[in-house]
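The following note is meant to be read with the sequence and the model side by side. Please follow each numbered point on the structure as it is discussed.

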Amino acid sequence: MTLSTSRIATLEDLRTHLQWAIELEHSTLPPYLCALYSLDPVRNAAAAHVVGSVFAEEMLHLLLAANLLNAVGGDPVLDAPHLLPSYPHPLPHGDGSVRVGLAPFGPEALELFLHIEQPARADAPAQDDGYATIGQFYAAIEDGLRDMCAALGEEAVFSGDPARQVRDVHLSRGGGQVIAVQDLTSALEALHEIVEQGEGAARTEVWDGDRDVFHPEREEVAHYYRFMELREGRRFQAGDTPQSGPTGEALTVDLSGVLPMRPNPRTADHAPGSPVRLAQEEFNHTYCVLLHLLEEAFTGSPSLFGVAVGMMYAVREQARALMRMPSGDGRTTAGPTFEYVPEERRRHRTGDARRIAVLENGPYVVYGQIPLRRKRKIVSSPEKQSLTWETGPDLATEETYALCRCGRSSSKPFCDGSHAMAGPDHESFDGTETADPRPYAELAHIHDGEGISAHRVGELCVHAAFCIGRTHPIAKMLDDSGDPDVRSHIMGLIDHCPSGSYAYSLERTSELIEPDLPQAISVLEEEDGIASSLWVTGRVPVERADGVPLETRNRMTLCRCGHSANKPLCDGSHRAVGFRE
């Protein structure tokens, strides 16, 4: 069997080009974001809607490219320096005619966007490298897919793990659909979704084949033609063609309602330690965390895609804040630089070592497939004495997963991105951490008994009530600790304290004695169905949002209702607010 003349002649070639597709789709995101965030959303609502909808659909295209690469057994890469080259730079793997730069919304940005989304001629050949238009590049990938399936068979080509496919996600500002790729039919469907949203159906239509998400009575305009609408100041209507241009209602843009961001800003333009540079460095850190989450989502943890989308709200707020800071030249403002932050300079490590990372105003990201299970407190009646924890079955998790800490997720205990979503009933989640970082030994108060010393840090108490004996609290029971049965009872009560607020030693200065607990995270439920904290056991490291590690202990409890005054640790507020799942 003879393959086509395309360079995509092997399965590894195909994987390489699908990785290029990921890089291509990502390359459009920073310029679209700069234009979007420079727009006053009130004075330029129409323009903000257009650019925002295109950005959301480019995120969809990035997802589809990753699904395609995963389907053929590849490993998507996003968290890498070449994903963020210096601006301006050529469109990845193109012919060099389009140079991607960062600029505020305006004629220059619109011309760039029109060049990026330029439809291929109906008779344009497929181009697997050095392409003139994105459509020609994807045509070469389509040829490669068909050739590989003809030569090797679909089963050999689509050998990837189906569990890696990102499936049920919703991007609120854009149209299109998420397609799980499993065979040639679904692969072609994903490719056509990408191309038609960008340049129009069949390369000859203004419309992309979908209904407008926000105006279902009309068809959706492809990206290239949406930007043409902004340039021409008029919308397309039924009957319009690429040749006629838009002939519908007027679409106005108020250029005085655009923040004058300095084009292609760099951190090197500002002195180390200056407010602008610090803000740009903070933005770069946040954006690289976003890339990291996307890579994790595409390489075994699909649910993290929603967490990454939630991170876009932090990206937006930091970018807008930068665009309100003077750049220093008297004419322009600063802006985001989209510079890569190497791992060694980040607050959080990457890799699969077991640990929990607290994201700023976001969830707990759990690495290393730490077992997750539920535990329910068993109490006696009528005394209401806390007795023990009943362990349920392990919950299914991905390789890396995110646990809600704002209390709003609709898929508790997992995060669904709700922490970033402000609404009429609440603002975006404030996860500011206030827990004292000093080690337990510095904070503990010690109460001595006979043959036992009880150590306690009151700030760690979650009011699980194991420290209340049948008749007396532990502090009072110590008076009778000369009785071996009483002493043994005290030890048992302390061993059940989930937060480790209480610990004990045989002598005041001897080593603390801890229960033998496995590395695990337990989702606790208290009496009457009250949802409690996340019980972290087995000396699992926990890193705060600023990258500073909490003291690694055999047990600790993390807040998941969002109301603790001792974040990220639990302080029992779930009981006061009646937190439930």
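1. The second largest pocket holds about 480 Å³ of space. A pocket is found on a 1 Å grid over the protein atoms alone, as an open set of points with protein on both sides within 12 Å along at least five of seven lines; a cavity is a set of points where a 1.4 Å probe fits but cannot get out, and lining residues have an atom within 4 Å of a point. Grid points are joined across faces, edges and corners, and a volume is the space filled by probe spheres set on the points.

2. This is a predicted model, in which local features need pLDDT of at least 70 and side-chain atom pairs count only at pLDDT 80 or more, while totals for chains, interfaces and linings use all residues. Residues are numbered from 1 along each chain as its sequence is written, and side-chain values use heavy atoms, with hydrogens and water left out.

3. Which residues lie nearest the centre of the second largest pocket? They are Met-311, Tyr-313, Ala-314, Glu-360 and Asn-361, out of 27 lining residues. Two or more lining residues come from each of α9 (275-298) and α10 (304-322), and α10 gives the largest share, eight residues. Helices (H or I, at least four residues) and strands (E, at least two) are DSSP runs, numbered from the N terminus.

4. The whole structure has four cavities of 30 Å³ or more. The largest cavity has a volume of about 230 Å³. Its lining of 18 residues has Asp-436, Arg-438, Leu-460, Arg-553 and Leu-569 nearest the centre, and the elements that give two or more residues to this lining are α11 (440-443) and β16 (555-558).

5. The second largest cavity has a volume of about 120 Å³. Of its 16 lining residues, Glu-117, Ile-134, Ile-194, Val-195 and Gly-198 are the closest to its centre. Helix α7 supplies the largest share of this lining, four residues.

6. Glu-189 also belongs to helix α7 (residues 184-199). Is Glu-189 buried, exposed or partly exposed? Glu-189 counts as partly exposed because its relative accessibility is 37%; buried means under 20% relative accessible area, exposed over 50%, and partly exposed in between (1.4 Å probe, protein chains only). Leaving aside neighbours within four places in sequence, Glu-189 is in contact (heavy atoms within 4.5 Å) with Gln-177 and Ile-179. Glu-189 and Ile-179 are 10 residues apart in sequence and 7.7 Å apart in space, C-alpha to C-alpha.
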